[in-house]
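The sequence and the coordinates are shown here for reference.

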Amino acid sequence: MTMGTPILGEKRSAAIMQPYFLPYIGYFQLIAAVDVFVVYDNIKYTKKGWINRNRMLLNGQDEMFSLPLKKASDACLVAEREIADDYDAGKLLNKFKGGYARAPYFAQTLPLLEKILHYEDRNLFRYIYHSIVCVCAHLKIATPIRIASEIGIDHALRSQDKVIALCRAVDAQSYINPIGGMELYAKGDFMAQGIELSFLRALPFEYPQFGAPHVPRLSIVDVLMFCAPEQVARTIRDGYELV
């Protein structure tokens with residue numbers, strides 16, 4: 001079965017997340033675990049978050065990579081932010097080449113990176129959204145991905161109320177959130193609205209990285225460079241638990 005294909009008789013499930021640029025494997029486990037995935041475009045951009053940056057392996061150490069942005073008001077939404085004019089996709093691609101040219105699955109992963117990094121649209125949300133769609137296609141994750149602002153709800157709602165409204169709008173009876181959100185949402189509040197709330201916890205996942213001690217929770221790029229496609233698929237499908 002293709003990952004992300006609903007199973008008849010089960011509750012329709014949804015997940016809702018900020019857009020992240022080449023995030024860790026847990027993000028894609030969440031997408032594959034649900035029947036519909038909603039990505040926020042109408043959410044405030046946070047400077048210290050992970051929306052436009054992540055970590056890779058370079059010379060045996062974790063190294064930050066990022067998309068530089070044009071200056072804008074701190075009140076701007078993600079969909080209102082633009083990538084800086086001096087962003088050099090080729091330079092970032094060369095950084096990945098420098099870190100992973102000797103990795104066992106470099107040749108298979110490089111075309112994906114080229115397709116993502118050389119995308120011409122410089123709107124931050126559309127650029128990241130395109131990268132998420134490309135990675136999902138590469139991983140054969142078939143879950144439909146919806147853009148939050150295109151879903152007919154009251155977008156003035158906040159936090160839990162907005163999540164519940166989005167779940168109802170996409171006809172989801174189950175909502176799955178990353179384990180880090182356990183302090184944000186209460187299962188009883190969701191159940192009162194007819195929605196089952198679960199949290200996804202990614203299981204430990206180690207793999208060889210040039211024979212050095214494993215550096216965890218790097219970008220999905222790191223996973224794809226070092227792991228066989230069938231191992232990645234298996235980890236996305238089975239490498240988590242719902243609590």
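A pocket, in the sense used here, is an open set of points on a 1 Å grid over the protein atoms alone, with protein on both sides within 12 Å along at least five of seven lines. The model is a predicted one, and its largest pocket has a volume of about 800 Å³. Two or more lining residues come from each of strand E1 (13-17), helix H1 (25-33), strand E3 (53-58), helix H5 (159-169) and strand E6 (174-178). Sorted by class, the lining comprises 18 nonpolar, seven polar and five charged residues.

Helix H3 (residues 106-117) has 12 residues, which at 1.5 Å a residue should span 16 Å, and the 16 Å between its end C-alpha atoms agrees with this. Its buried residues are Phe106, Thr109, Leu110, Leu112, Leu113, Ile116 and Leu117, and the elements covering them include helix H2 (89-100), helix H4 (124-139) and helix H7 (220-226).

Which loop holds Phe210? Phe210 is placed in the loop between strand E7 (196-202) and H7, and Arg217 lies in the loop between E7 and H7 as well. Each has a positive phi without being a glycine, as tabulated below together with relative accessibility.

| Residue | Phi | Relative accessibility |
|---|---|---|
| Phe210 | about 60 degrees | 33% |
| Arg217 | near 55 degrees | 54% |

Conventions: Residues are numbered from 1 along each chain as its sequence is written. This is a predicted model: local features need pLDDT of at least 70, side-chain atom pairs count only at pLDDT 80 or more; totals for chains, interfaces and linings use all residues. Side-chain values use heavy atoms; hydrogens and water are left out. Helices (H or I, at least four residues) and strands (E, at least two) are DSSP runs, numbered from the N terminus. The expected span of a helix is 1.5 Å times one less than its number of residues. Buried means under 20% relative accessible area, exposed over 50%, partly exposed in between (1.4 Å probe, protein chains only). Contact means heavy atoms within 4.5 Å. On a 1 Å grid over the protein atoms alone, a cavity is a set of points where a 1.4 Å probe fits but cannot get out, and a pocket is an open set with protein on both sides within 12 Å along at least five of seven lines; lining residues have an atom within 4 Å of a point. Grid points are joined across faces, edges and corners, and a volume is the space filled by probe spheres set on the points. Ala, Val, Leu, Ile, Met, Phe, Trp, Tyr, Cys and Pro count as nonpolar, Asp, Glu, Lys and Arg as charged, and the others, Gly among them, as polar.
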